[in-house]
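Hi there,

Here is the structure I promised to pass on. Have a look at it first, and then read on for what turned up.

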Amino acid sequence: MPAFQDTYGWIQYRTGNYQEALNYLEPAAASLTEDGTVQYHLGATLAALDRRDEALEQLRKAMPMLEAAGATDLVEEARTRLAELEAAGN
């Protein structure tokens with residue numbers, strides 16, 4: 001159940017268990033390809049795991065979905081993470 005994988009994965013992320021989160025969020029994001037929140041969760045987890053290039057790609061993928069859904073809080077979080085990751089690459 002991808003929605004449950006996302007929920008459990010995000011709980012793991014929020015408690016600092018990033019690798020465990022990734023184990024659940026990758027399949028959730030692969031199944032829920034049009035859900036910006038799920039895509040954002042995966043991007044944030046990749047960033048926490050210092051997988052910068054993958055995180056950038058994932059967060060860029062999530063942004064238009066979040067904007068279309070009107071998820072303003074997540075859009076702002078995603079913008080902040082993107083800016084941090086982009087600055088880290090310079």
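**Overall shape**

A compact globule of 90 residues would have a radius of gyration near 12 Å, and the chain agrees with that, at 12 Å. Please keep in mind that this is a predicted model. The C-alpha trace spans about 35 × 30 × 20 Å along its principal axes. The secondary structure comes to five helices and zero strands, so the pattern along the sequence reads α-α-α-α-α.

Of its 90 residues, 38% count as buried. The accessible surface comes to about 5,000 Å², and carbon and sulfur atoms account for 50% of that. Among contacts between residues at least 6 apart in sequence, 48% join residues at least 24 apart.

**Helix H5**

Helix H5 covers residues 72–88. Which residues of H5 are buried? They are Leu74, Val75, Ala78, Leu82 and Leu85. Seen down the helix axis, these buried residues fall within an arc of 100°, so they line one face of H5. That face packs against helix H3 (36–48) and helix H4 (52–69). On the other side of H5, Thr72, Asp73, Glu84 and Ala88 are exposed.

**The aromatic cluster**

The structure holds four aromatic pairs. One of them is Trp10 with Tyr13, which is stacked, at 4.3 Å centre to centre and 5° between the planes. Trp10 and Tyr13 are three residues apart in helix H1 (residues 2–14), so about one helical turn separates them. An α-helix has 3.6 residues a turn, so residues three or four places apart point the same way.

Tyr40 is buried, with a relative accessible area of 0%. Ring pairs join Trp10, Tyr13, Tyr18 and Tyr40 into a cluster.

**Thr45**

Thr45 lies in helix H3 and is buried, with a relative accessible area of 0%. Leaving out residues up to four places away in sequence, Thr45 touches Trp10, Tyr13, Tyr18, Ala21, Leu22 and Leu25. Three of the cluster residues, Trp10, Tyr13 and Tyr18, are therefore among its contacts.

Best wishes

Note on methods:
Residues numbered from 1 in each chain as written. Predicted model: local features only at pLDDT ≥ 70, side-chain atom pairs only at ≥ 80, totals over all residues. Heavy atoms only, no water. Helix = DSSP H or I, 4+ residues; strand = E, 2+ residues; numbered from the N terminus. Expected span 1.5 Å × (residues − 1). Buried < 20%, exposed > 50% of the residue type's maximum accessible area, 1.4 Å probe, protein only. Arc of directions from axis to C-beta. Contact = heavy atoms within 4.5 Å. Rg over C-alpha atoms; globule rule 2.2 N^0.38 Å. Areas by Shrake-Rupley, 256 points an atom, 1.4 Å probe, with all protein chains shown as cover. Phe/Tyr/Trp six-rings, centres within 6.5 Å; stacked < 30°, edge-to-face > 60°.
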